[in-house]
Amino acid sequence: IALHGRGSSADLDKYFWMPVTKQGWMLALPQSSQLGSPNSFVWDDAAKTEAEMIVHFAEIIRKYPIDPERIILAGFSQGAARAIHLALKGVIRSRGFLAVVPGKVLLDDLENLTRFAKDANLRGYLVAGGKDPRYEVFQTAHRLLNAHGIRCAMEEHPTIGHEFPPDFEQSLEKGIQFILE
């Protein structure tokens, strides 16, 4: 389940996530109802995001045979931050999260959320751009998650900023393998 970035949409971000279907995965791309501007959507309201994701997920499991042991929450930017929170809080039971340059990860909140996930056996995979203004936050989040028992790997791309890496298909493959180990 991949959440689009802030100011984007499921339709705009789908190109980046589609390679998982070639790896045999089903891909779900929920669309936020929170309008940022015309054709631009956000996940600003955390409570509304949680409620919408519960509805999206219920619809997915109603329509498709889903293996509950193979659910991965993913996202780009703000969608990545929301995917991390949804996984840690257990809003959607998952194996873990794959977060590409997560936006506005609040470290205090992240530390509190790790308490929810202590016994959930979650794993995380961060994809970080070395030129992203939040790069140090990604490093801190990586250390914090591991320190609190959430196994987390961080794939670093020193030459990119706040964007998908050009070889993102490989990142997807490595991230999924790490989460399912």
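User: Why does Phe178 count as buried?

Analyst: This is a predicted model, and in it Phe178 has a relative accessibility of 11%.

User: What makes Tyr125 and Phe178 a tilted aromatic pair?

Analyst: Their ring centres are 6.1 Å apart, and the limit for a pair is within 6.5 Å. The planes make 45°; under 30 degrees would be stacked and over 60 edge-to-face, so this one is tilted. The pair links distant parts of the chain, with Tyr125 in strand β6 and Phe178 in helix α7, 53 residues apart.

User: And Tyr125, buried or exposed?

Analyst: Buried: Tyr125 has 7% relative accessibility, against a cut-off of under 20%.

User: Why is the pair of Phe164 and Phe168 called edge-to-face?

Analyst: The angle between their planes is 65°, and over 60 counts as edge-to-face. Centre to centre they're 4.9 Å apart. Phe164 is buried at 9%, and so is Phe168 at 3%. Both belong to one aromatic cluster, together with Tyr15, Phe16, Trp17 and Phe76.

User: How do you know that the charged end of Arg123 sits over the ring of Phe178?

Analyst: The distance to the ring centre is 4.3 Å, where the limit is within 6 Å; CZ of an Arg must also be within 35 degrees of the ring normal. Arg123 is listed as sitting over that ring.

User: What makes β1 and β7 edge strands?

Analyst: The open sheet runs β1-β4-β5-β6-β7 with parallel pairing, and β1 and β7 each pair on one side only.

Conventions. Residues are numbered from 1 along each chain as its sequence is written. This is a predicted model: local features need pLDDT of at least 70, side-chain atom pairs count only at pLDDT 80 or more; totals for chains, interfaces and linings use all residues. Side-chain values use heavy atoms; hydrogens and water are left out. Two strands pair if DSSP finds at least two bridges between them. Helices (H or I, at least four residues) and strands (E, at least two) are DSSP runs, numbered from the N terminus. Rings of Phe, Tyr and Trp (its six-membered ring) pair if their centres lie within 6.5 Å; planes under 30 degrees apart count as stacked, over 60 as edge-to-face and the rest as tilted. Buried means under 20% relative accessible area, exposed over 50%, partly exposed in between (1.4 Å probe, protein chains only).
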